[in-house]
Number of protein chains: 2
Amino acid sequence: METEDRLLTPGEVASLFRVDPKTVTRWAAAGRIGSIRTPGGHRRFRESEVRALLEGDAGAQATFDSGHAQP
Amino acid sequence: METEDRLLTPGEVASLFRVDPKTVTRWAAAGRIGSIRTPGGHRRFRESEVRALLEGDAGAQATFDSGHAQP
DNA sequence: ATAGAATAGGGTAATTAGGGTA
DNA sequence: CGTGTCCTAATTACCCTATTCT
């Protein structure tokens, strides 16, 4: 239970995903990622959510056994 | 131990390996290489992992002999 | 209040995903 | 079985200016 609701800027999220800040804005506009709007209209993103999205299957090092067994 | 290594685009990885970006996509789809998906569906690859793969036999890291198991 | 950096918004090229084929 | 090339659709990157944030 992390109560850490640290907010990240579009530029931060963009650097994490290796994309353009505009792309992050587009994700928020499309509802693909939760966003908080500042009274001025700028967006902020929850670090926990961003980290969850970054946890793709990059760490999954396929336990590739010699699965060539043919029944 | 969690290092924030940079992410590479399919085109970058393809240039490093001198293959087609489509081939890199196939590697990711087959689980031969870890991949992170953007909310839009595009893939990003960890530079550290790619560099480790680029080491080839030089490092003989023997993560696992992928595939050709001897009969 | 002023300055500098970052962000929002729209529009257009380049890259990528996916399937099917050689 | 793995890789390269064909196609279409979707996503992303870079161009601009005005507004907002520090």
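**Close-up views of a predicted protein–DNA model**

**View 1. Backbone contacts to DNA strand C.** A polar backbone atom of Arg43(A) lies 3.0 Å from a phosphate oxygen of DNA strand C. The model shown here and in the other views is predicted. Gly11(A) also uses its backbone: one of its N or O atoms there is 2.9 Å from a phosphate oxygen of DNA strand C.

**View 2. The protein surface around DNA strand C.** There are 18 residues around DNA strand C, and those that come nearest are Lys22(A), Thr25(A), Gly11(B), Lys22(B) and Thr25(B). By residue type, the surface near DNA strand C has two nonpolar, ten polar and six charged residues.

**View 3. The protein surface around DNA strand D.** DNA strand D is surrounded by 22 residues, the closest being Asp20(A), Thr23(A), Arg32(A), Thr23(B) and Arg32(B). Sugar and phosphate make up 70% of the atoms of DNA strand D that come within 4 Å of the protein. The side chain of Lys22(A) places an N or O atom 3.2 Å from a base nitrogen of DNA strand D.

**View 4. Arg32(A) and its surroundings.** Arg32(A) sits in the loop between H2 and strand E2 (36–37) of chain A. With a relative accessible area of 49%, Arg32(A) is partly exposed. Leaving aside residues up to four places away in sequence, Arg32(A) touches Trp27(A), Pro39(B) and Gly40(B). An N or O atom of the Arg32(A) side chain is 2.5 Å from a phosphate oxygen of DNA strand D. Gly40(B) has a backbone N or O atom 3.3 Å from a phosphate oxygen of DNA strand D.

**View 5. The buried face of H1(A).** Pro10(A), Val13(A), Ala14(A) and Phe17(A) are buried in H1(A). Seen down the helix axis, the buried residues of H1(A) fall within an arc of 100°, so they line one face. Just after H1(A), Arg18(A) has a positive phi of about 60°.

Terms used: Residues are numbered from 1 along each chain as its sequence is written. Chains are lettered from A and ligands numbered from 1 in the order in which they are written. This is a predicted model: local features need pLDDT of at least 70, side-chain atom pairs count only at pLDDT 80 or more; totals for chains, interfaces and linings use all residues. Side-chain values use heavy atoms; hydrogens and water are left out. A residue is near a molecule or strand if one of its heavy atoms lies within 4 Å of it. A polar contact is a pair of N or O atoms within 3.5 Å; within protein, one must be able to donate a hydrogen and the other to accept it, and residues adjacent in sequence count only if both atoms are side-chain atoms. Ala, Val, Leu, Ile, Met, Phe, Trp, Tyr, Cys and Pro count as nonpolar, Asp, Glu, Lys and Arg as charged, and the others, Gly among them, as polar. Helices (H or I, at least four residues) and strands (E, at least two) are DSSP runs, numbered from the N terminus. Buried means under 20% relative accessible area, exposed over 50%, partly exposed in between (1.4 Å probe, protein chains only). Contact means heavy atoms within 4.5 Å. The arc is that of the directions from the helix axis to the C-beta atoms.
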